[in-house]
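This report describes the fold of one protein chain, from its overall build down to single residues. Please keep the sequence and the structure in view while reading.

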Amino acid sequence: MSEAEIDSLAWIHVRDRRLLSVRTEGKAKFYLPGGKREPGEGDVAGLCREIREELGVELDPLSFRFFAVLNEQADGYADGRRVRMTCYTAEHRGEPEPGREIAESAWLTSADAHLCPPAGQRVLGLLADAGHVD
């Protein structure tokens, strides 16, 4: 991974053939829930923390399943920076509700891909190709 690359984690959660996405304060696009690890934090611990902060739900660490690693153009960086996003599915407890920095959440279909940055578009495409989202 290069220094200019953003290393992040994302939770892939599909319900009723729609992908859960979030929009942070001050942003126009919808992102996959998740974020960056803190120093020394592994994938499971980091994603559990991020999802708890963003959506107020508890991910089940024993239910994590690898989904994909994406390497896409990072949104909002004029220098061509890329994001390396490791994505997982996981069971959860609680109902996802927008937390402190989240302006809103949405359940998106492949027709909504234009509302997402490249990584979200790619995930929606993969899920649509597999028959998991409309």
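The secondary structure of this chain, which is a predicted model, comes to two helices and nine strands. Read along the sequence, these elements follow the pattern β-β-β-β-α-β-β-β-β-β-α.

## Overall build

The C-alpha trace spans about 40 × 35 × 30 Å along its principal axes. A compact globule with 134 residues would have a radius of gyration near 14 Å, and the chain has 14 Å, so the two agree. Of the 134 residues, 42% are buried. Contacts between residues at least 6 apart in sequence were also examined: 65% of them join residues at least 24 apart.

## The sheet and its helices

Four strands form an open sheet in the order β4-β1-β7-β6, and their pairing is mixed. The edges are β4 (34-35) and β6, each of which pairs on one side only. Between β1 and β4 the pairing is antiparallel and runs over two bridges. There, L9 stands opposite G35 in β4.

Helix α1, residues 43-55, packs on this sheet and touches β1, β4 and β7. The direction of α1 makes about 70° with that of β1. The other helix, α2, lies across β6 and β7 and runs at about 135° to β6.

## Strand β3 and its partners

Strand β3 covers residues 18-24 and is mostly covered itself, as five of its seven residues are buried. Strand β3 pairs with β2 and also with β9. The table sets out the two pairings.

| Pair | Sense | Bridges | Residues standing opposite |
|---|---|---|---|
| β2 and β3 | antiparallel | two | R15 and R18 |
| β3 and β9 | antiparallel | six | S21 and A106 |

β2 and β3 form a hairpin with two residues between the strands. In this hairpin, D16 takes a positive phi near 50°.

In soluble globular proteins, nonpolar side chains tend to be buried together. The largest nonpolar core in this chain has 21 residues, and those touching the most other members are I12, L19, L32, L70, M85, C87 and V123. At least two residues of this core come from each of β1 (6-11), β6 (65-73), β7 (82-89), β9 (102-108) and α2 (118-129). Which element supplies the largest share? Helix α2 does, with four residues.

Apart from this core lies another one of 14 residues, including L9, W11, V22 and L47.

Leaving aside neighbours within four places in sequence, C87 is in contact with A10, I12, R65, F66, F67, A68, L70 and V123. Among these contacts, I12, L70 and V123 belong, like C87, to the residues that touch the most other members of the core.

## A residue in a loop: H13

H13 sits in the loop between β1 and β2 (14-15). Is H13 buried or exposed? The relative accessible area of H13 is 10%, and buried means under 20%, so H13 counts as buried.

Which residues does H13 touch, not counting those up to four places away in sequence? They are R18, L19, L20, H92 and W107. H13 and Y88 are 75 residues apart in sequence, yet their C-alpha atoms are 8.7 Å apart in space.

## The cysteines

A disulfide is a covalent bond between the sulfur atoms of two cysteines. This structure holds zero disulfides. C48 is in none, and the nearest cysteine sulfur, that of C87, is 15 Å away. C48 has a relative accessibility of 8% and therefore counts as buried. C116 is in no disulfide either: for C116, too, the nearest cysteine sulfur is that of C87, here 12 Å away. The relative accessible area of C116 is 2%, so C116 is buried as well.

## Summary

The chain holds two helices and nine strands, four of the strands forming the open sheet.

Definitions and conventions
Residues are numbered from 1 along each chain as its sequence is written. This is a predicted model: local features need pLDDT of at least 70, side-chain atom pairs count only at pLDDT 80 or more; totals for chains, interfaces and linings use all residues. Side-chain values use heavy atoms; hydrogens and water are left out. A nonpolar core is a set of buried Ala, Val, Leu, Ile, Met, Phe, Trp, Tyr and Cys residues joined through side-chain atoms within 4.5 Å. Buried means under 20% relative accessible area, exposed over 50%, partly exposed in between (1.4 Å probe, protein chains only). Contact means heavy atoms within 4.5 Å. Two strands pair if DSSP finds at least two bridges between them. Axes are lines fitted to C-alpha atoms, for helices over the stretch in contact, and angles run from 0 to 180 degrees between N-to-C directions. A disulfide is a pair of cysteine sulfur atoms within 2.5 Å. The radius of gyration is taken over C-alpha atoms; the globule rule is 2.2 Å times the number of residues to the power 0.38.
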